[in-house]
Amino acid sequence: MTMQWKKLAAAALISIGTMTALPALAQELKIGLSAEPSALDPHYHNLGPNNQIAYTIFDTLILQNENQKLVPGLAESWKPLNETTWEFKLRKGVKFHDGSDFNAADVVFSINRPAKVPNSPSSMIIFTRSIAEMKVVDDHTIHFVTKSPHPLLPTDLSRVAIMSAEAAKADVAEGMTTEALSKGEGLVGTGPYKFVEWVRGNRLVLEANTAYWGGKPNWEKVIYRPMSNDAARVAALLAGDVDMIENPPPADLKKLRENPNVKISQAVSNRLIYIHLDSFSEPTTAGIPDANGKNPLKDARVRKALSLAINRDAIASRIMEGLGQPTGDFLPYPMFGTRQDAKPDKYDPDQAKKLLAEAGYPNGFSITLGTPNDRYINDAEISQAVASQWTRIGIKTKVEAVTRTVFFKNRDDFKYSAYLAGWGAGTGEMSDPLRALVATPNKEKGFGTTNKGRYSNPKMDAVLEEALKTVDDAKREALLQQASKMALDDQALIPIHIEVTPWATRKGLSYKARADQYTFANGVTRD
C-alpha cells in the first residue's frame, strides 16, 4: 500500500463523523472489485473473479444459495433413474438475452464445451468429466449417463454455465473463442444481467435482463470497477464513488463498522489459504539451490517441519485481524466431508528443527516462496510472515510477490518450489478440493487440475475414487473424510486458514453474505 493511498484512506476514515446524508439511491449499482476477471468466457478458468461474473450473465442447471445449498435453476427438477442415469427436467419459457428460446441443445453444447477450451489455467472439465453421454429426450428433458455411479452430478452441474449454442457457434471446436467472448461476441446467457461493455482495468458494465425467468433484477444497470488497491476501494466507498466493495481490508474494518453510513456483511467462506510444495521434481526443484542436488520437499518430514514452523494464530490475529480461521482441513466444519477433529498443526519450531535434522537438513536450506500480492486477503503479508517463521528454523526463505496474472502463469509453468494460493470449493463439499488440489494429475479423470505441486498418493486417489461413486451419503462422507486425512497426514499441502469474507455497502443497502465469496449484484438489496 503506497503512502498516498494510506493518506487517502485515513482522510476518508477520519471523515466518518462528518459524512453528509446519502442521496436517494439510483437504479445504478456500482461495485468495487478487489480482483478483475481474467476473461468473460465462463468455461475458461475456474477462478472466483471469473465465476462471479459468469454466474451473473449465465445460469446453471442447478443454482447454489448463499450457503451453497442446491436449488432449481434452468432445471426445475432432477432425479436418478438408476445408478448411472439422471433425468433433468428443464425450465420452460426461458429466454436468452437475445430473445431466443432455451432448450436441451444449449445444455448439450455447454456441457461439452469445457473439454474443448484450450489453455485453461484451471479447467471446468472437473465438473463434466464424469458424463459419458447426454440423451436429449425432448426440448426440455435430458438424460445424463455417467461413466460410473456419480452421486455428485447435480453438485457438479451447479458449476457449469449454460450458453446459447446458437450465439456461441463458430468455426473452432469450442465455438466462440475465449478472446471473442471477452469482447462480448456470443456472450449470451439467461442470467439476470446481460453484457454491455468491458474496458479492462476500468469497468465492466451490465444491464438488467428484464425478461429474467427468476423475476425482475434488483438493478437496472451494474458497473463493476476493478480496484485491487485496498485503500482505494475504501476511499471510493466512503466518497460515494461506489455503492459496495468486496474484501475491505482487515485493518480498516473496525472503523468501517463504527461508521453509521456503512454496513458490513460477512460470512465464513469455503476458501482455504494454503501452501503447495513441489513434492515431485527430482533431483532438484526450482528455488532451492543449496540442498546438495536433492529436492528436500519430497520428504514428508520436511513438509511437516514447514507446517509446524507456521504460527497460524499469530497470522490470524495480527495479519488477518479476525478474517482468517486457522485450519487443519480443506474446508470449514461442518461442510460435507470435513472432520470435527481436524485441527491445525500447533506452532512448534523446536519439533520442526528436529524433523529437519532427521531428514538430513540440520542446517536447513534456501527456498523461494511464490505468492500473488493482489488476489487473496493480505496474501503477500501472509507470505512474508511465513517466510520469517521458516527462516527461524533454518529455511532461509525469499518471497517472490507478483501480480495475480504473473503468479498464476509462473505457478502453472511449475516455476515455484513452494507457493501460497487459495482454493474456494465451489461445490461446498470435500471432493472438490481433493480432486483439484491433491489428487494425482490425470487429464482423463479430471484429477489434479490445480495440483501444481504434483503431489501423488495412489492410495488416497483410490479412496477418493471410491467416494465419487458411492451413492449412500453417509458412506461417501466417511470415505471423503478418510481421503482428506490421508492427504493431510502426508502434508500433501499445508493448510493455513479459512478466509472469513467481508463486504461493505453504503447505508441503505444490504448484501446477503455468501460462503462461496461471490459478489452478486442481485444479492444487493435496499433496506
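Threonine 155 is found in helix H4, which spans residues 153–157. The model is predicted. Threonine 155 has a relative accessible area of 11%, so this residue is buried. Beyond residues up to four places away in sequence, threonine 155 touches Leu70, Thr427 and Glu429.

**Helix H13 and its surroundings**

H4 is also one of the elements that the buried residues of H13 pack against. Helix H13 covers residues 431–438, and eight of its eight residues are buried. Those residues are Ser431, Asp432, Pro433, Leu434, Arg435, Ala436, Leu437 and Val438. Besides H4, they pack against strand E12, strand E16 (418–424), helix H14 (458–468) and helix H15 (473–489).

Methionine 430 sits in the loop between E16 and H13. Its relative accessibility is 0%, so methionine 430 counts as buried. Which residues does methionine 430 contact, leaving aside its neighbours within four places in sequence? They are Asp329, Phe330, Leu331, Phe336, Gly337, Thr338, Leu480 and Ser484. Asparagine 209 lies 221 residues from methionine 430 in sequence. The C-alpha atoms of this pair are 35 Å apart in space.

**Strand pairing**

Strand E17 runs from residue 494 to 506 and is mostly covered: 13 of its 13 residues are buried. E16 is mostly covered too, with six of its seven residues buried. Both strands pair with E12. The E12–E17 pairing is antiparallel and has 11 bridges. The E12–E16 pairing is also antiparallel, over seven bridges.

The table lists each pairing with its sense and bridge count.

| Strand pair | Sense | Bridges |
|---|---|---|
| E11 (residues 244–246) and E17 | antiparallel | three bridges |
| E12 and E17 | antiparallel | 11 bridges |
| E13 (residues 324–326) and E17 | antiparallel | three bridges |
| E12 and E16 | antiparallel | seven bridges |
| E14 (residues 365–372) and E16 | parallel | two bridges |

On E17, threonine 505 is the bridge partner of methionine 244. Threonine 501, also in E17, is the bridge partner of alanine 267. Histidine 497 in E17 stands opposite proline 326. On E16, leucine 420 is the bridge partner of isoleucine 275. Alanine 418 in E16 is the bridge partner of leucine 369.

**The nonpolar core**

The largest nonpolar core has 146 residues. Which of them touch the most other members? These are Leu61, Phe88, Phe144, Ile275, Trp390 and Val438. Strand E12 (residues 262–277) contributes the largest share of this core, eight residues.

Val438 is among the buried residues of H13. Isoleucine 275 has its bridge partner, leucine 420, in E16. Apart from residues up to four places away in sequence, isoleucine 275 touches Ile310, Leu369, Val386, Trp390, Tyr419, Leu420, Leu493, Ile494 and Ile496.

Helix H7 spans residues 250–258, and its buried residues are Pro250, Asp252, Leu253 and Leu256. Why do they lie on the same side of H7? They cover an arc of only 130° around the axis, which puts them on that same side. Ala251 and Lys254 are exposed on the other side of H7. An α-helix has 3.6 residues a turn, so residues three or four places apart point the same way.

**The largest pocket**

The largest pocket has a volume of about 660 Å³. Its lining consists of 32 residues. Leu63, Gln64, Arg514, Phe520 and Asn522 lie nearest the centre of this pocket. Helix H2 (48–57) and strand E2 (62–64) each supply at least two lining residues. E2 provides the largest share of the lining, three residues.

Threonine 56 is in helix H2. Is threonine 56 buried or exposed? Threonine 56 counts as buried because its relative accessibility is 3%. Leaving aside neighbours within four places in sequence, threonine 56 is in contact with Gly191, Pro192, Tyr193, Leu206, Tyr224 and Phe520. Phe520 is also one of the residues that lie nearest the centre of the largest pocket. Lysine 443 is 387 residues from threonine 56 along the chain, and their C-alpha atoms are separated by 29 Å.

Definitions and conventions: Residues are numbered from 1 along each chain as its sequence is written. This is a predicted model: local features need pLDDT of at least 70, side-chain atom pairs count only at pLDDT 80 or more; totals for chains, interfaces and linings use all residues. Side-chain values use heavy atoms; hydrogens and water are left out. Buried means under 20% relative accessible area, exposed over 50%, partly exposed in between (1.4 Å probe, protein chains only). Helices (H or I, at least four residues) and strands (E, at least two) are DSSP runs, numbered from the N terminus. The arc is that of the directions from the helix axis to the C-beta atoms. A nonpolar core is a set of buried Ala, Val, Leu, Ile, Met, Phe, Trp, Tyr and Cys residues joined through side-chain atoms within 4.5 Å. Contact means heavy atoms within 4.5 Å. Two strands pair if DSSP finds at least two bridges between them. On a 1 Å grid over the protein atoms alone, a cavity is a set of points where a 1.4 Å probe fits but cannot get out, and a pocket is an open set with protein on both sides within 12 Å along at least five of seven lines; lining residues have an atom within 4 Å of a point. Grid points are joined across faces, edges and corners, and a volume is the space filled by probe spheres set on the points.
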